[in-house]
Amino acid sequence: MSTENASNSQHYIAVQQADFDVAHEYAELRNDNRSDGAVVFFTGLVREMNQGAQVSGLTLEHYPGMTEKALQQIVADASTRWPINRVRLIHRVGALAISDQIVFVGVSSSHREAAFDACYYIMDYLKNRAPFWKKEVTSQGDRWVEALDKDKQALDKWQ
Amino acid sequence: MNILFFAALREQLGCAHCDIDLPLPASLATVRAALIQHFPQQAKRLAVGHALAAINQTLINDENTPINSSDEVAFFPPVTGG
């Protein structure tokens with residue numbers, strides 16, 4: 001269930017149930033890469049307190065096909081906007097436990113500014129445009145996570 | 001036409017997809033109105049701003065966007081990944 005962006009071999013995008021290994025992803029951003037002086041990456045994890053309730057786990061649903069397309073578009077937009085080279089974007093789906101890794105976004109560039117900004121941009125847009133939904137298991141039962149205004153407002157800084 | 005639903009909206013409507021009878025092409029607004037007529041109890045959840053719409057797997061903000069019979073159409077709640 002993973003898709004690689006055929007249009008740009010520098011961009012690896014995957015939607016998968018399996019966990020990912022940050023050391024492997026970092027190595028893929030760095031190996032045989034003589035031109036880039038910066039690698040920035042972000043990992044998102046499942047935390048135990050969310051929207052006022054104790055969470056014991058969650059399930060991530062997505063819209064197969066659209067998800068990959070949306071992620072490819074976000075990465076393509078980021079690479080138009082900044083001089084970035086390699087991008088690795090992995091988002092997990094299915095059942096996850098507390099502290100599990102959810103998402104990895106890694107970006108390489110010759111200089112740090114572009115890598116920092118592009119990584120931040122990709123996460124902000126992923127939160128608003130990629131069709132994933134979290135359903136949490138809480139002490140008060142299962143519930144769908146509500147989208148937050150702050151995530152929507154986060155896009156303002158990129159206008 | 002066949003319409004897909006995801007996440008909370010799928011559970012609230014009680015189906016992952018449904019068939020709506022209406023003449024095509026039609027605007028997204030018309031399709032949304034037909035959907036609300038089909039599920040009157042869920043009118044608020046299907047309204048603009050509550051249910052996002054995708055045509056051919058692309059998010060659509062303009063309710064005037066035309067929909068043809070060959071298009072894949074989906075409605076779902078605001079996304080919460082990451």
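**A close look at B:Phe75**

A: Let's start with the neighbours: leaving out residues up to four places away in sequence, B:Phe75 touches B:Ile3, B:Phe5, B:Leu9, B:Leu35, B:Leu46, B:Ala51 and B:Ala53. Two residues count as in contact if their C-beta atoms, placed from the backbone, lie within 7 Å. Please keep in mind that this is a predicted model, in which local features need pLDDT of at least 70, side-chain atom pairs count only at pLDDT 80 or more, and totals for chains, interfaces and linings use all residues. Residues are numbered from 1 along each chain as its sequence is written, while chains are lettered from A and ligands numbered from 1 in the order in which they are written.

B:Phe75 also belongs to the largest nonpolar core, which has 57 residues. Such a core is a set of buried Ala, Val, Leu, Ile, Met, Phe, Trp, Tyr and Cys residues joined through C-beta atoms within 7 Å; buried means that 20 or more other C-beta atoms lie within 10 Å of a residue's own, against 12 or fewer for exposed, with partly exposed in between. The members touching the most others are A:Ala118, A:Ile122, B:Leu9, B:Phe75 and B:Phe76. Helix H3 of chain A gives the most to this core, eight residues.

Now for the chain around B:Phe75. Chain B has three helices and seven strands, in the sequence pattern β-α-β-β-α-α-β-β-β-β. Helices (H or I, at least four residues) and strands (E, at least two) are DSSP runs, numbered from the N terminus. Five of the strands form an open sheet with mixed pairing, in the order E2-E1-E7-E4-E5; two strands pair if DSSP finds at least two bridges between them. Its edge strands, each pairing on one side only, are E2 (17-19) and E5 (58-60) of chain B. Strand E4 (residues 52-55) of chain B runs antiparallel to E5(B), joined by three bridges, and B:Ala54 stands opposite B:Leu59 in E5(B).

What about chain B as a whole? Buried residues make up 32% of its 82 residues, and its C-alpha trace spans about 30 × 30 × 20 Å along the principal axes. Of the contacts in chain B with a separation of 6 or more, 54% are between residues 24 or more positions apart.

Finally, the partner: 23 residues of chain A are in contact with 14 residues of chain B. On the chain A side, H3(A) supplies the largest share, five residues.
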